[in-house]
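Please look through the sequence and the model below before reading on.

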Amino acid sequence: MLWRCGVLYPGVSIDEQAIFGTDGIRGAVGQYPITADFMLKLGWAAGKVFGETDSVTHVLIGKDTRVSGYMFESALEAGLVAAGARVTLLGPMPTPAVAMLTRSQKASAGIVISASHNTFSDNGIKFFNADGGKLSDEVELQIETQLAQPMETVPSAELGKATRLSDAPGRYVEFCKNTFPAALTLRGLKLVIDCAHGATYQVAPQVFTELGASVVAVGAEPNGFNINEGVGSTSPAALQEKVLSEQADAGIAFDGDGDRVQCVAADGSVVDGDELLLIIAMDRVRRGEVVEGVVGTQMTNLGMEQALAEHGIALVRASVGDRHVLAAMSEKGWSLGGEASGHIICGDLATTGDGIIAALQVLAAMIGSGESLLALKNGMRKLPQTMINVPIAAGFELTQCSPALAERARVEAMLAGRGRLVLRPSGTEPLIRVMIEGTDAAENLQLAEGVAEVIRQAC
């Protein structure tokens with residue numbers, strides 16, 4: 001057990017210090033730190049830290065559609081108010097909408113209650129700074145340090161208040177529409193929009209409809225328990241079937257919190273984040289814009305790198321996670337970056353990955369070029385990739401696992417010059433991700449299964 005933040009938490013090791021992972025805080029509801037009492041303390045700690053730089057602390061809270069969001073919204077609100085912060089509740093809103101509204105409302109920070117593509121039994125917390133970007137490591141450390149202090153409520157005269165921004169969805173809809181070229185329209189396009197029963201269920205169909213498309217919405221009936229259940233960007237089969245049955249021009253699928261997107265072409269084929277990012281980059285080239293480079297990740301398909309190189313465009317690979325992609329984009333001064341999972345960042349249009357905005361850029365490429373989504377997808381020759389997720393026990397350290405490291409060296413030697421092995425821990429789940437990329441799909445699978453089995457045995 002660990003005495004932490006004034007509470008005893010069973011099963012938490014004494015040397016466990018960091019609360020924030022690569023994408024905020026995430027885990028199973030009811031297990032530390034995804035508990036109501038922890039969220040109360042987290043809201044208070046964040047309010048205290050943000051109050052050190054703002055004389056009037058104002059924090060926005062948005063959430064996806066998980067049933068546990070009600071509980072954590074109330075707990076965070078109470079903690080923030082106890083620290084003297086003013087709170088604005090946004091209700092169910094996509095993660096990028098919270099980033100945009102934090103900036104437009106001149107707030108001190110924004111909080112999103114979401115576990116993204118995970119099932120309803122998980123939840124998590126993401127923070128945005130006043131500019132709508134990720135918190136720095138320094139600020140995250142300050143919040144973690146504050147969590148160790150006793151929680152003290154400010155005097156009653158200094159307590160914060162909570163209000164609700166009733167027109168938040170409409171503000172975000174207009175923001176998204178304004179990123180679409182004014183000279184273009186979606187009239188004549190039939191689109192299937194899969195909202196994953198998540199945070200985009202209100203705004204996404206409205207955006208595409210108001211820009212002129214004929215919209216068939218699926219996954220737009222959240223009940224608190226069905227988020228990402230057989231729908232959304234991580235489960236494209238339902239969208240593929242609907243696109244074919246509706247004879248639609250394209251399908252667009254978001255994840256639970258709306259920062260990821262995957263598409264489906266008219267023939268039912270999936271168009272993943274790598275292909276979508278390349279389509280956006282090539283359309284900018286077609287329009288005469290200068291695209292010096294694009295930021296991908298260790299998982300970005302080699303076919304994308306080759307396609308960009310044909311146009312003299314560099315690809316820089318960052319570590320997996322939109323936080324790392326954003327950092328590399330900032331360092332290079334480039335405006336495009338993303339991941340195969342569908343996190344696509346158009347840095348000249350938004351401060352974070354935004355599924356709706358990325359989808360609009362892809363549709364603009366279709367209309368502007370006169371090409372179908374399938375034709376644009378075929379501009380990239382993908383190398384086969386095999387991914388296996390290996391569950392690991394608590395405390396497992398890949399860097400300390402000699403059998404796994406030896407197997408990695410052996411496979412890398414076999415693939416030298418014709419493929420890649422990426423072996424990395426997940427930033428959000430207790431998994432080791434094994435990815436093999438090469439020209440022979442059967443060999444990829446065989447090698448990936450071999451590496452995965454070594455890790456299973458070592459665990």
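On a 1 Å grid over the protein atoms alone, a cavity is a set of points where a 1.4 Å probe fits but cannot get out, a pocket is an open set with protein on both sides within 12 Å along at least five of seven lines, and lining residues have an atom within 4 Å of a point. This is a predicted model, in which local features need pLDDT of at least 70 and side-chain atom pairs count only at pLDDT 80 or more, while totals for chains, interfaces and linings use all residues. Residues are numbered from 1 along each chain as its sequence is written, and side-chain values use heavy atoms, with hydrogens and water left out.

**Cavities**

The count comes to 2 cavities of 30 Å³ or more, where a volume is the space filled by probe spheres set on the points, and grid points are joined across faces, edges and corners. The largest cavity is lined by F20, T22, D23, G24, K126, F127, F128, K134, L135, E140 and R323. Among the residues lining the second largest cavity are P96, A99, M100 and R103. In the table, Ala, Val, Leu, Ile, Met, Phe, Trp, Tyr, Cys and Pro count as nonpolar, Asp, Glu, Lys and Arg as charged, and the others, Gly among them, as polar.

| Cavity | Volume | Lining residues by class |
|---|---|---|
| Largest cavity | about 80 Å³ | 4 nonpolar, 2 polar, 5 charged |
| Second largest cavity | about 30 Å³ | 5 nonpolar, 2 polar, 2 charged |

Strand β7 (residues 122-128) gives the most to the lining of the largest cavity, with 3 residues, whereas in the second largest cavity the largest share, 4 residues, comes from α3; here helices (H or I, at least four residues) and strands (E, at least two) are DSSP runs, numbered from the N terminus.

**The second largest pocket**

The second largest pocket holds about 1100 Å³ of space, and of the 41 residues that line this pocket, R260, S341, M387, R424 and R433 are the closest to its centre. Strand β18 gives the most to this lining, with 4 residues.

**Two loop residues on either side of α3**

P94 lies in the loop between β5 (86-92) and α3, and S108 in the loop between α3 (95-104) and β6 (109-113). P94 counts as buried because its relative accessible area is 1%, and S108 is buried at 8%, where buried means under 20% relative accessible area (1.4 Å probe, protein chains only). The side chains of S108 and D54 are joined by a polar contact of 2.4 Å, that is, a pair of N or O atoms within 3.5 Å, of which, within protein, one must be able to donate a hydrogen and the other to accept it, and residues adjacent in sequence count only if both atoms are side-chain atoms.

How values were computed. Buried < 20%, exposed > 50% of the residue type's maximum accessible area, 1.4 Å probe, protein only.
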